[in-house]
Amino acid sequence: MTSLLGTAGRGVARPDRDGAAGRGLGARLFPYTLVAPTLLLLAVFTLFPLVQGFWTSFFKRGLVVAPRAPSTHPVFIGLDNYLALASDPEFTGTLIKTVGFVCVAVPLVIVVSLALALLLARPFRGVGAIRAVVFFPYMTSLLIVGIVWKWLLGYNSGLINFMLDLAGMAPVPWLENELLAQAALVFVWVWANAGFYMMIFIAGLMMIPGDYYEAAAIDAASPWRMFRRITLPLLRPTMLIALVLASVEAFKVYEVVVSLTHGGPGRATVYLIQAIYETGFTKPASAGFAAAQSMALFAILMALTVLQLRMAKER
């Protein structure tokens, strides 16, 4: 009898264990179910084009393969595209101009956005509306931003030169002079993106405990000393995020260039993304070379990000 009861008890308990195991498995798989759509989109729209672009960089081919146009057919050439890229003066010059743009625009947008965050982090009447106004340019398409600023900076029909003419001053060739055109692009890009990085810095400032500032005020520390000894060190992780994002976006500058200067005057404001586009879409049988340029840009961005993260870790 005892043996039978024990056997029956074990038979009844087994479904409970199986049910608990099933519920445990479901609980473990639930987070992956939530992440699966994002991973699928990432694989389809990011990883697959990346692999395809890398594979295309080993071929000489047209952007569209036409059966009756043998010059568009893919021909495997190995590393020839990368070797040609290393000795291409046009690509080297474009890369130098792009690096120059990044070295000027990124520090400037960090300084401007941090200054805006320090001004608008504290609550006061109307601060939400002011933040929205500052953030609004980031929500606007960069193509629209470029068109608006071209209307403002135009030489003959620009509003700014019209106001200068009313004041009895000579018009300024904002977009016709190489140096002024590059400066205008930096200004417009910073103006369009400062609101986004301002919000990142505001979030970082709100994470700093107020007790630190109260203790510093008791010690009669000046605002500059508080900023240098409290705000900057505790804001370093946030600043790293902003620096990485801004660097990547600055290297990818394209829409505002096309709509504001079209790469001019001459080719003074042609940067990497526009050069890659022109190579792939306007030059015959150059899709593989354009893919090699894209892979070079990807390697630069990856190396820059890793370097910034490693420097922050060492600090």
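By what part of a helical turn, or how many turns, are Tyr 277 and Phe 281 separated in helix α12? Because they lie 4 residues apart in that helix, the separation is about one helical turn. An α-helix has 3.6 residues a turn, so residues three or four places apart point the same way.

The model is predicted, so local features need pLDDT of at least 70 and side-chain atom pairs pLDDT 80 or more, whereas totals for chains, interfaces and linings use all residues. Residues are numbered from 1 along each chain as its sequence is written, and side-chain values use heavy atoms, without hydrogens and water.

Helices here are DSSP runs of H or I with at least four residues, numbered from the N terminus. Aromatic pairs are rings of Phe, Tyr and Trp (its six-membered ring) with centres within 6.5 Å, called stacked under 30 degrees between planes, edge-to-face over 60 and tilted otherwise.

The whole structure holds 14 aromatic pairs. In one of them, the ring centres of Phe 101 and Tyr 271 are 5.2 Å apart and the planes meet at 40 degrees, so this pair is tilted. It joins distant parts of the chain, 170 residues apart, with Phe 101 in helix α3 (residues 89–120) and Tyr 271 in the loop between α11 (255–260) and α12 (272–282). Phe 101, at 3% relative accessibility, is buried (under 20% relative accessible area, with exposed over 50% and partly exposed in between, for a 1.4 Å probe and protein chains only), and Tyr 271 is buried at 3%. Tyr 277 and Phe 281 form a stacked pair, 4.7 Å centre to centre with 25 degrees between the planes; Tyr 277 is partly exposed at 39%, and Phe 281 is exposed at 54%.

Key
Helix = DSSP H or I, 4+ residues; strand = E, 2+ residues; numbered from the N terminus.
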